[in-house]
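Here is a friendly walk through one protein model. Please keep the sequence and the 3D view at hand as you read.

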Amino acid sequence: MAGLIRREDVDQVRERARIDEIVSAHVTLKPAGVGALVGLCPFHDERSPSFNVRPSVGRYHCFGCGEGGDVIEFVMKMDGLSFTEAIEYLAGKTGVQLRYEEGGTARPREEPGRRQRLLDAHRVAAEFYAEQLMGPDASAARTFLAERSFDRSDAELFGVGFAPKGWDALQRHLQGRGFTQAELVASGLMSQGQRGIYDRFRGRVMWPIRDVTGAVIGFGARRLFEDDQGPKYLNTPETSLYKKSHVLYGIDLAKREIAKGKRVVVVEGYTDVMAAHLSGVTTAVATCGTAFGADHAKVVRRLLGDTTAGGGMQLASGGTVGGEIIFTFDGDAAGQKAAERAYGEDQRFFAQTYVAVADDGMDPCDLRMAKGPEAVRALVDGRKPLFAFVIQAKIKQFDLNTVEGRVSAVRAAAPEIVGIRDRSQRDGYMRQVAGWIGTEIDEVRREVARAASTPSQRRPADGSRPASGATPVAGSAPGGGRPASGAVAQLPAPDPRDPVARDERLALVAVLQYPQHAPASFDDLGEDAFAVPAWRAVHAAIRAAGGAAVGRELSAAQWVAAVLEQSSETVAIVVTQLSVASLPEDREAAVAAFVEGVVRRVVDLGLKRRVDDARSRLQRLDPADAETYNSAFAELLAIESERRALRESA
């Protein structure tokens, strides 16, 4: 477990990382009034922009799908990073040196700048390999790609390159750029021999492997020449950058579409990823020299936003709650084993898992060459539930023409039925399995009940999941890493036609964004000054944070963060919305007067309600009780005087 990042360092990263610059790498933003930017949401499909960013407060919110947060939450959602990973990524971009709390397990660190040096070495190596692909010695590599229907532009899109056959071509190039031998060995680009270091990759087609941020962290290489005695595929060894159990090839290209479409397609090789993307399946990724495992599942879950307890259920429309994981496998025995291994990870997802296998056993690359891009798309669209595929594979192992074979098939299928997360589907699959095997439904039910009561065979089927693996971080308190808005109950939405609700909302938007222009009378408002429940809750958080008087002393981002600190998860969603909302005044010189005016209007509304309440109370009193009556009358006069003074000052 990683050590805790100090709270002050988290705050410094949040302050230094400009949200407009980070978001602009993914979204084209355009001005939308004073201090506001707007663009098409990266988290859902839309034609009219509803994704608002306000750099001064450091927050974003989509008024279409409800996603919102600060720069750290944007990176977490967009790049599928944990809170710690997002902080470390942004710290690298902003030059913040992170410190880790004592007492926790220390996070393995390298000396300052070393990680960036290794990343730089990989970037330079990727550029070198790409240049070599067009050279005279790379004809075999170009032929390899052409035979698989990949042209030059395809190679450039994926950064495919060629490693020269010599022993030190890359070494000389990198050392000429100032990298030391120790750095080259640590990067995994070089191997250590008895006579010194030498290029690890020689005479091979090269695929740069990138992390979710787009940084090259390793390479995959395919043998080309018969005199190459190495393995057919050779990857970067385990390094401080490259952990094969955490890496998915193509994730940098697929991440946005995965997050938007809630679907990921897992294929088996680099050329399959290329073929899938070029065929329109732009959510394809592949593991790198290892089977799909628990750490890969964590990466996928973060990109899918796979945290909904009701996930994994298929809808009548064909879609699913929680998204889809689609595995493609070869139709041979190895593919069957891969499917069973993937099924072992099924319980880590709330998403529905599927398998897609071509009838003729072809992988996406072969399918694209033989039948065109539409065949690859059809393969994915023709997916079937993974548990159905695995159950049928187990049944096929037995001779169903014999009683013994049928009994054994039922016993083999029963534990897999127990593992189906959606309980409502289990009875249907028991009937289907009975039909596949040719036996009575009651026999299947008995075996399923027996498997469910046997701990050694029972698969978790209650929808529970292990923790997502998020690392505890000092400073991850409210305002630093809130759940996605869809995971929190929403406050009732006010009627947009209600003029009082509109005025109250504008006043809160103004105070959150421009507290320096709010009149002092705002902080005199009582706890019941706002009529709309949602706005009353936000006003309570503002009061708890010290009111506009405190906001005037803080930066815009610090002020909103202070209000968020005082907000429940439900209220925090509303605060974020209001903190990025556009004001109807788009002249910067007129903003101060507008803010003062709209806040005064709400103060006046509050005073009017107090006047009405005081008059009502006075009418209910008996004038014979002179002391009580005169006291209530004096209170009414005082409130009316306060309201008159407010209007005259305006």
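The report goes from the whole chain to a sheet and then to a helix pair.

This is a predicted model, in which local features need pLDDT of at least 70 and side-chain atom pairs count only at pLDDT 80 or more, while totals for chains, interfaces and linings use all residues. Residues are numbered from 1 along each chain as its sequence is written, and side-chain values use heavy atoms, with hydrogens and water left out.

The protein has 26 helices and 19 strands (DSSP runs of H or I with at least four residues, and of E with at least two, numbered from the N terminus). Of its 650 residues, 50% are buried (under 20% relative accessible area with a 1.4 Å probe, protein chains only).

Let us turn to the sheet. Six strands form an open, mixed sheet in the order S12-S14-S13-S17-S18-S19, where pairing takes at least two DSSP bridges. Its edge strands, S12 and S19, each pair on one side only. S18 and S19 run antiparallel and are joined by two bridges, and Tyr 354 stands opposite Pro 385 in S19.

| Element | Residues |
|---|---|
| strand S12 | 248-249 |
| strand S18 | 352-356 |
| strand S19 | 384-385 |

Next comes the helix pair. The axes of H16 (residues 386-395) and H18 (residues 423-437) come within 11 Å and cross at roughly 30°, which makes H16 roughly parallel to H18 (angles under 35 degrees; axes are lines fitted to C-alpha atoms over the stretch in contact, with angles from 0 to 180 degrees between N-to-C directions).

Conventions. Angles under 35 degrees count as roughly parallel, over 145 as roughly antiparallel, 65 to 115 as roughly perpendicular and the rest as oblique.
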